[in-house]
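Please examine the model shown below with its sequence at hand.

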Amino acid sequence: MMLLLKIAFRNVLRNARRSLMTMSTVAIGFMAITLFGEFMAYITIGFQTGTVERSGHLSVFRTGYFDFGAGNPAAYGISDYSSVIGLIKSDPELSQRLAVVTPTVTLFGIAGNFDIDASKTFFGLGVVPSDRDRMLQWDEYGLMGDRPPQRSGLHDDMDTQGVVGVGLARILGLCQALDVADCKTPPKPAAAKVSAADSPPAVDLAELASRDVDPSARPKDGARIDLLAATAGGAPNVMALTVTKAERQGVKELDDNFVAMHLQLAQQLLYGRGEHKAVAIVLQLQRSEDMALVRTRLNALFHDKGLDLEVRDFTELQPQYNQIIGLFGAIFSFIAIVMGMIVLFTVVNTMSMSVMERTDEIGTARAMGVRRQGIRRQFLLEGWFLGAFGASAGLFLADVAAFGVNRCGWTWTPPGQSAAIPFRLLTSGVAPMIAAVWLGLVLIATIASLVPANRAARMAVVDALRHV
């Protein structure tokens, strides 16, 4: 066997230029697949980190909310949610795996800045500010690096403050008050001439706000807006909110509607004087790998306690997550197939030329007693050498390229995000992918040499000896 390996190795070096071109093709194919795979791995964990920071790993809802509650969140509130949170935190199987357990409230309504007669429907999110800040620090994969920690812009002791999307700030004319860059001021609309007889009675939201809110309790600093929502009983409810800052949300529809506020203010808007409930209980885990185990344990715990609750993970609440990951997976597969086909035909061409040039050599070897299987094995080993050397060279080139890319300082804005992040390639934790690409290309090169090897093995000895 060692003699066969030595002969195959020398035959690869016989025509060094052709072998070098073939190995270069394999190396470039390996580098292309590996670099995109490392980029895809970075995108995957980065997208997962951003999603988990905002919405946690798991969310607990009252049964039916996921299917029907979006249109009427007040009807699917979780009563006595503090006891449910205590039950989750005290479970010995869950306590060591939890990072944050916090209640949230989602609601819909109308936001108005009646100083300029502007209003807009809004999507509101009520959170516990300290819990929200802790969630934003989740960094299982160490992507945060030297970046400053993110903050929600809310405070536990200031329940009248909130944060809005830049689009909503623009629509409500808050850009100047909040010092938002690249934010246009809305033009003043021309007054419409409508006769009093044709004008329907209008609901003055500013008047409702003045009725429901004590003037002495109104915030005097910052940009103020009024929020109108319907309580669980169907009555209109208006609260004043001081907007401390505007944040870009990455998706225009959300940016034009988003309002984040203190949990207590959201509960007051949604439930009024009734029982203040939580629409969801969000769980952020220490490790994403524990998500399936924690979900199973929660379902068992709720079943044992007779609680009418259901558990959903972030991939169900954010369906675009799987869609984006699937898109990158399809692109990776396409690139891998294209590169594999290029390597396949390159090796077939190289080995076919080698067989043609060595016809008399093959005839001599067969005349000396070398069996057909020996001839076939020799050419297969040559194909294996071409694939192995090329893939190994591609591994080195990919490491050098990744090192350069990670230190060049490039940035880009991923889908669903508003801020630019470093453009990086993930070089740790991708060893299985690199090993699979290496083995795949070597296998393709070996299989590609099978057709020329079979042709060489089937040559008639007499015809091969008299070949000129």
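Lysine 6 is partly exposed, with a relative accessible area of 45%; here buried means under 20% relative accessible area, exposed over 50%, and partly exposed in between, with a 1.4 Å probe and protein chains only. Lysine 6 belongs to helix 1, residues 2-14; helices (DSSP H or I, at least four residues) and strands (DSSP E, at least two) are runs numbered from the N terminus. Along the chain, lysine 6 and glutamine 378 are 372 residues apart, yet their C-alpha atoms are separated by 9.9 Å. The model is predicted: local features need pLDDT of at least 70 and side-chain atom pairs count only at pLDDT 80 or more, while totals for chains, interfaces and linings use all residues. Residues are numbered from 1 along each chain as its sequence is written, and side-chain values use heavy atoms, with hydrogens and water left out.

Arginine 54 is placed in helix 2 and, at 38% relative accessibility, counts as partly exposed. If residues up to four places away in sequence are not counted, arginine 54 touches Arg132 and Met135, where contact means heavy atoms within 4.5 Å. Glutamine 264 is located in helix 11, residues 263-271, and is partly exposed at 45% relative accessibility. Between glutamine 264 and aspartate 156 there are 9.7 Å in space, C-alpha to C-alpha, and 108 residues in sequence.

Helix 2, which holds arginine 54, is mostly covered, as 29 of its 40 residues are buried. From its first C-alpha to its last, helix 2 reaches 57 Å, close to the 58 Å expected at 1.5 Å a residue; the expected span is 1.5 Å times one less than the number of residues. Glycine 56 follows helix 2 and has a positive phi, near 75 degrees.

Aspartate 80 has a positive phi of about 50 degrees and lies in the loop between helix 3 (65-68) and helix 4 (81-90). With 46% relative accessibility, aspartate 80 is partly exposed. Aspartate 117 has a positive phi of about 55 degrees and sits in the loop between strand 2 (98-113) and strand 3 (118-127). Aspartate 117 is exposed, its relative accessible area being 70%.

How is the packing of a helix pair described? Two packed helices are characterised by the angle between their axes and by the distance between those axes. Helix 14 (residues 320-357) and helix 17 (residues 431-448) pack at about 35 degrees, their axes 8 Å apart; the axes are lines fitted to C-alpha atoms over the stretch in contact, and angles run from 0 to 180 degrees between N-to-C directions. At this contact, Phe332, Gly340, Val343, Leu344, Val347 and Val348 of helix 14 meet Met433, Leu441, Ile444, Ala445 and Ala448 of helix 17. These residues divide into 10 nonpolar, one polar and no charged, with Ala, Val, Leu, Ile, Met, Phe, Trp, Tyr, Cys and Pro counted as nonpolar, Asp, Glu, Lys and Arg as charged, and the others, Gly among them, as polar.

Helix 17 has 18 residues and spans 25 Å between its first and last C-alpha atoms, close to the expected 26 Å. Its buried residues are Met433, Ile434, Val437, Leu441, Val442, Ala445, Thr446 and Ala448. An α-helix has 3.6 residues a turn, so residues three or four places apart point the same way. The cover over the buried residues of helix 17 includes helix 2 (16-55), helix 14, helix 16 (372-406) and helix 18 (450-457).

In helix 18, the buried residues Pro452, Ala453, Asn454, Ala456 and Ala457 pack against helix 14, helix 15 (359-367), helix 16 and helix 17.

Finally, the whole chain may be considered. The protein contains 19 helices and 11 strands, and 47% of its 468 residues count as buried. Among contacts between residues at least 6 apart in sequence, 76% join residues at least 24 apart. The protein exposes about 24100 Å², of which carbon and sulfur atoms supply 59%; accessible areas come from the Shrake-Rupley method with a 1.4 Å probe.
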